[in-house]
Amino acid sequence: MEMLHFRKSLFQLCLSLPLYFSSLLLLSSAYTVPDKYFINCGASSNTTVNGQVFVADSNSLSFSTGKSEEVRNTSAWIPELYQTARVYRQPCSYSFEIDQNGTYIVRLHFFAYLSRANLYDALFNVSASGFSLLTNFSIRNSSSFPVIKEYLLTIPQGKFRIQFIPSQDSSLAFVNAIEVFLANETRIIDYAPHVSSARNVSNYTGLLSQALHTIHRINFGGSQIDYDELWRKWVADISLLFFFFFTSCVNSKITVQGTKITVHALFITIYALFTQ
């Protein structure tokens with residue numbers, strides 16, 4: 001079973017970039033962000049972030065939190081959305097009612113701090129819809145910024161659960177905020193080019209039957225976008241392209257100066273095509 005989850009996770013990493021590259025190109029003004037679910041976990045009052053209301057999960061009637069506890073740290077240096085968390089000390093789940101079949105964006109927000117439960121010690125697994133989303137996940141070595149994990153999942157109408165399972169080496173799992181909302185399906189395709197290790201190119205269909213994990217968002221030929229309509233950051237491509245060129249030269253161990261000039265000229269031509 002663990003090998004199956006590993007293969008699924010690897011598949012997610014390989015396919016997420018072409019999907020999100022396509023989603024940036026297929027712009028549409030008809031999409032309106034749904035009003036659910038945006039959850040402020042472990043909170044007793046709602047919080048607004050960039051115009052979006054995150055609903056407190058205490059005593060909610062539209063979703064259930066399972067057997068858990070609430071912790072908080074109201075220090076000024078912690079962003080308001082992350083000042084509370086829901087903590088699980090045994091396998092349990094959030095449960096949601098899904099009204100419509102479709103492809104959903106699922107975001108999990110994590111920010112560790114000291115409280116009566118030491119969130120830095122958490123080590124846990126997260127799964128949903130039969131997919132392992134996170135395995136032995138910990139943010140004890142993370143920076144002072146929140147960690148946000150984003151996925152695309154095809155979810156049928158009915159009950160949808162996100163399971164939080166403390167690992168054997170820990171008795172603690174937690175989450176600060178959760179987003180589950182219907183994606184703009186006009187921007188999502190179910191196929192992508194597949195390049196084999198032998199460099200054979202074919203079309204792969206069935207992307208939406210997988211759990212797709214966002215790794216990077218790159219704005220090809222444009223500048224950095226700090227917030228799109230879904231509050232996501234897109235980095236400009238130019239610094240990454242120069243990094244890839246430098247890495248290629250080092251790994252290839254090219255020593256002939258003329259060859260370097262030829263490769264560099266080819267790189268500039270390709271980049272010009274991307275940026276036109």
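1. Tyr-94 counts as buried in this predicted model, because its relative accessibility is 0%, and Phe-96 is likewise classed as buried because its value is 0%. By the pairing rule applied here, the count of aromatic pairs comes to 16. The rings of Tyr-94 and Phe-96 have their centres 6.0 Å apart and their planes at 15°, so this pair is stacked, the planes being under 30 degrees apart. The rings of Phe-111 and Tyr-113 have their centres 6.3 Å apart and their planes at 45°, so that pair is tilted; Phe-111 and Tyr-113 are both buried.

2. One aromatic cluster is formed by Tyr-37, Tyr-88, Tyr-94, Phe-96, Phe-160 and Phe-164. Ile-162 and Ile-178 are the residues with the most contacts inside the largest nonpolar core, which has 59 residues.

3. Strand 6, residues 84-88, is mostly covered, with five of its five residues buried. In a regular strand the side chains alternate between the two faces of the sheet. In strand 6, Thr-84, Arg-86 and Tyr-88 point one way while Ala-85 and Val-87 point the other way, and all of them are buried. Strand 5 (residues 69-72) runs antiparallel to strand 6 and is joined to it by four bridges, with Val-87 as the bridge partner of Glu-69. Strand 13 (residues 173-175) also pairs with strand 6 in the antiparallel sense, over three bridges, and here Tyr-88 stands opposite Ala-173.

4. Asp-57 counts as buried because its relative accessibility is 3%, which is under the 20% limit. Leaving out residues up to four places away in sequence, Asp-57 touches Ile-39, Asn-40, Cys-41, Gly-42, Ala-43, Phe-63, Thr-65, Arg-86 and Tyr-94, and Arg-86 is one of the buried residues of strand 6.

5. Leu-123 is found in the loop between strand 8 (102-110) and strand 9 (124-128), and it counts as buried because its relative accessibility is 16%. Although Leu-123 and Leu-172 are 49 residues apart along the chain, their C-alpha atoms are separated by 6.5 Å. Leu-172 is also among the residues that Leu-123 touches outside its sequence neighbours, together with Asn-136, Phe-137, Ser-138, Pro-166, Ser-167, Asp-169 and Ser-170.

Key:
Residues are numbered from 1 along each chain as its sequence is written. This is a predicted model: local features need pLDDT of at least 70, side-chain atom pairs count only at pLDDT 80 or more; totals for chains, interfaces and linings use all residues. Side-chain values use heavy atoms; hydrogens and water are left out. A nonpolar core is a set of buried Ala, Val, Leu, Ile, Met, Phe, Trp, Tyr and Cys residues joined through side-chain atoms within 4.5 Å. Buried means under 20% relative accessible area, exposed over 50%, partly exposed in between (1.4 Å probe, protein chains only). Helices (H or I, at least four residues) and strands (E, at least two) are DSSP runs, numbered from the N terminus. Contact means heavy atoms within 4.5 Å. Two strands pair if DSSP finds at least two bridges between them. Rings of Phe, Tyr and Trp (its six-membered ring) pair if their centres lie within 6.5 Å; planes under 30 degrees apart count as stacked, over 60 as edge-to-face and the rest as tilted.
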